[in-house]
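Please open the model in the viewer and keep the selection panel at hand.

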Amino acid sequence: QVHLEQSGGGLVQPGGSLSVSCAASGSGFSIAAMGWYRQAPGKQRDLVASITRENNTVFADSVKGRFTISRDNVKNILYLQMNSLKPEDTAVYYCKMVVITRYFPSGSHYWGQGTQVTVSS
């Protein structure tokens with residue numbers, strides 16, 4: 001069994017910075033793609049950024065140039081650095097990992113518990 005644990009986030013003023021991280025724990029697994037999603041109240045959950053094991057990245061247009069995604073393939077940790085934050089970035093942020101095990105060699109999707117990010121003055 002694999003467990004994802006998120007940390008970070010919080011409250012920041014517009015223009016400020018925050019980071020969130022997501023650590024995978026368990027045994028007998030490897031991780032293919034990783035990504036961050038966010039969901040604002042009353043809205044659907046949308047992709048923020050994703051990163052492959054080879055460090056190829058994709059960003060939503062709304063966060064390009066402001067957010068950075070990175071990963072540690074040894075510690076199985078995913079990071080999201082958020083700069084120049086705007087009120088519209090306010091949402092619950094979720095990490096997702098595509099986990100490879102011998103039982104599911106094509107990959108299973110695991111989600112973190114969610115972390116609140118609030119951008120407000």
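This is a predicted model: local features need pLDDT of at least 70, side-chain atom pairs count only at pLDDT 80 or more; totals for chains, interfaces and linings use all residues.

Contact here means heavy atoms within 4.5 Å.

Begin by selecting Arg 38, a residue of strand β4. Is Arg 38 buried or exposed? Its relative accessibility is 15%, and because buried means under 20%, Arg 38 counts as buried.

Next, display the surroundings of Arg 38. Leaving aside residues up to four places away in sequence, Arg 38 touches Gln 44, Arg 45, Asp 46, Val 48, Ser 62, Val 63, Phe 67, Glu 88, Asp 89, Ala 91, Val 92 and Tyr 93. Within this group, select Asp 89: its side chain and that of Arg 38 form a polar contact at 2.9 Å.

Then extend the selection to the whole of β4, residues 30–39, together with β9. The two strands run antiparallel and are joined by eight bridges. To locate the pairing, centre the view on Met 34, which stands opposite Met 97 in β9.

Select strand β10, residues 108–111, which pairs with β9 in the antiparallel sense over four bridges; here Lys 96 has Trp 111 as its bridge partner. Finally, select strand β11, residues 115–119, which is antiparallel to β9 and joined to it by three bridges. In β11, Thr 115 is the bridge partner of Tyr 93, and Tyr 93 is also one of the residues that Arg 38 touches.

Terms used: Residues are numbered from 1 along each chain as its sequence is written. Side-chain values use heavy atoms; hydrogens and water are left out. Two strands pair if DSSP finds at least two bridges between them. Buried means under 20% relative accessible area, exposed over 50%, partly exposed in between (1.4 Å probe, protein chains only). A polar contact is a pair of N or O atoms within 3.5 Å; within protein, one must be able to donate a hydrogen and the other to accept it, and residues adjacent in sequence count only if both atoms are side-chain atoms.
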